[in-house]
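Hi,

Here is the structure we talked about, sequence included. Please open it first, then read my notes below.

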Amino acid sequence: MGNLDNRVVIVTGGAGGIGIVASELMAARGAHVVIAELDGTRAEAAAADFHGKGLKATAVQTDVADRASVEAMVARVKRDLGRIDGLVNNAAMFSRVPMSRVDSLSISEAEWDKMMQINVKGVWNVCSTVVPIMREQQSGKIVNISSGTALKGSASRIHYVTSKGAVISYTKSLAMEVGGDNITVNCIAPGSTLSEENPTESILAAREQAVKGRCLKRVQLPADLAGPIAFFIGPDSDFITGQTLVVDGGSCLH
Ligand SMILES: NC(=O)c1ccc[n+]([C@@H]2O[C@H](COP(=O)([O-])OP(=O)(O)OC[C@H]3O[C@@H](n4cnc5c(N)ncnc54)[C@H](O)[C@@H]3O)[C@@H](O)[C@H]2O)c1
């Protein structure tokens with residue numbers, strides 16, 4: 001048993017990469033994790049794997065970019081599990097839902113809009129549906145996943161970097177709005193993380209390249225993010241809100 005006993009925690013995009021590793025750690029600490037994921041088949045597989053390990057999990061196919069889908073997921077969680085203690089806004093257009101890694105003039109309008117729809121509006125869709133329930137409970141913990149690129153800048157994929165900058169601003173403002181309801185809102189900015197299950201040579205090279213620019217000389221893994229996410233969902237962070245924690249082995253010394 002751990003410090004997340006009986007807490008209901010929604011993890012968007014929780015069926016793979018960083019999301020599944022963070023979900024498993026929180027479930028191992030006693031949480032009932034709701035894997036709210038675009039790919040329903042992968043979500044079901046992840047939940048079945050957790051059940052096999054004696055952990056509590058529910059898979060709910062969800063598109064964070066679609067308000068009706070989010071409302072249906074949240075209503076189901078409230079109906080079946082009775083409360084929502086934690087929310088990790090991890091889903092993004094990144095790797096599974098791929099983006100073009102190109103300069104700003106080469107990004108299509110359609111891809112720019114899709115990026116904002118998932119990475120920015122998606123966070124608002126989920127938060128604004130969950131907050132009324134947390135407000136009623138007078139407690140809740142929200143963690144938004146940004147990126148170190150939002151703090152450092154990047155010479156490619158400006159739509160992604162811009163979306164992740166918005167996540168930091170959103171975190172600060174929502175923390176101010178909901179602090180009076182005993183709800184904390186924090187952000188994690190990961191460095192370049194080897195989260196792909198079957199990485200290509202170029203992905204491996206990019207993750208290796210990132211090692212050169214950080215204090216700690218090794219490749220970053222999803223497990224490096226899981227503890228910090230669980231910290232912001234658990235009771236040890238109860239007096240921390242509106243913050244962005246950079247977890248990148250000391251690349252962006254924020
Ligand atoms: N891996 C890195 O180097 C890195 C670095 C900085 C930040 N991040 C951030 O960390 C988070 C997790 O990234 P990851 O590396 O595990 O990538 P990933 O692409 O493997 O994970 C994202 C998950 O979100 C899901 N998803 C995508 N669109 C969705 C939607 N509309 N509704 C619901 N689910 C959706 C995907 O299916 C996938 O399971 C993302 O927010 C990403 O931007 C990753």
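**What I found**

Gln138 is partly exposed, with a relative accessible area of 38% (buried means under 20%, exposed over 50%, partly exposed in between, with a 1.4 Å probe and protein chains only). This is a predicted model, in which local features need pLDDT of at least 70, side-chain atom pairs count only at pLDDT 80 or more, and totals for chains, interfaces and linings use all residues. Residues are numbered from 1 along each chain as its sequence is written, and side-chain values use heavy atoms, with hydrogens and water left out.

**Two positive phi values**

Gln138 is not a glycine, yet its phi is positive, about 60 degrees. Gln138 sits in the loop between α5 and β5 (140-145). Helices (H or I, at least four residues) and strands (E, at least two) are DSSP runs, numbered from the N terminus.

Asn182 is another residue other than glycine with a positive phi, near 60 degrees. Its loop runs between α7 (158-178) and β6 (183-190). Asn182 counts as partly exposed because its relative accessibility is 47%.

**Helix α5**

α5 has a kink of about 30 degrees at Val131, shortly before the proline Pro132. The bend at a residue is the angle between axes fitted to the seven residues ending there and the seven starting there. Val131 is also among the buried residues of α5, which include Gly122, Asn125, Cys127 and Met134. Gln138 follows α5.

**The ligand**

Which residues are closest to the ligand? They are Glu37, Asn90, Tyr160, Thr193 and Ser195, out of 28 residues that surround the ligand (near means a heavy atom within 4 Å). α1 (17-28) and α7 each supply at least two residues of this shell.

- Ile18: a backbone N or O atom lies 2.8 Å from an oxygen atom of the ligand.
- Thr62: a backbone N or O atom lies 3.4 Å from a nitrogen atom of the ligand.
- Asp63: a side-chain N or O atom is 2.8 Å from a nitrogen atom of the ligand.

Taken alone, the ligand exposes 820 Å², and the protein buries 97% of that. Accessible areas come from the Shrake-Rupley method with a 1.4 Å probe.

**Cysteines**

A disulfide is a covalent bond between the sulfur atoms of two cysteines. The rule used is a pair of cysteine sulfur atoms within 2.5 Å. By this rule there are zero disulfides. Cys252 is buried, at 13% relative accessibility.

**Two pairs to look at**

Thr149 is in helix α6 (residues 149-152). Thr149 is buried, with a relative accessible area of 15%. Thr149 and Pro190 are 41 residues apart in sequence, and their C-alpha atoms are 8.6 Å apart in space.

Ala43 is in helix α2 (residues 40-52). Ala43 is buried, at 0% relative accessibility. Ala43 and Ala166 are 123 residues apart along the chain, with 27 Å between their C-alpha atoms.

Best wishes

How values were computed
A polar contact is a pair of N or O atoms within 3.5 Å; within protein, one must be able to donate a hydrogen and the other to accept it, and residues adjacent in sequence count only if both atoms are side-chain atoms.
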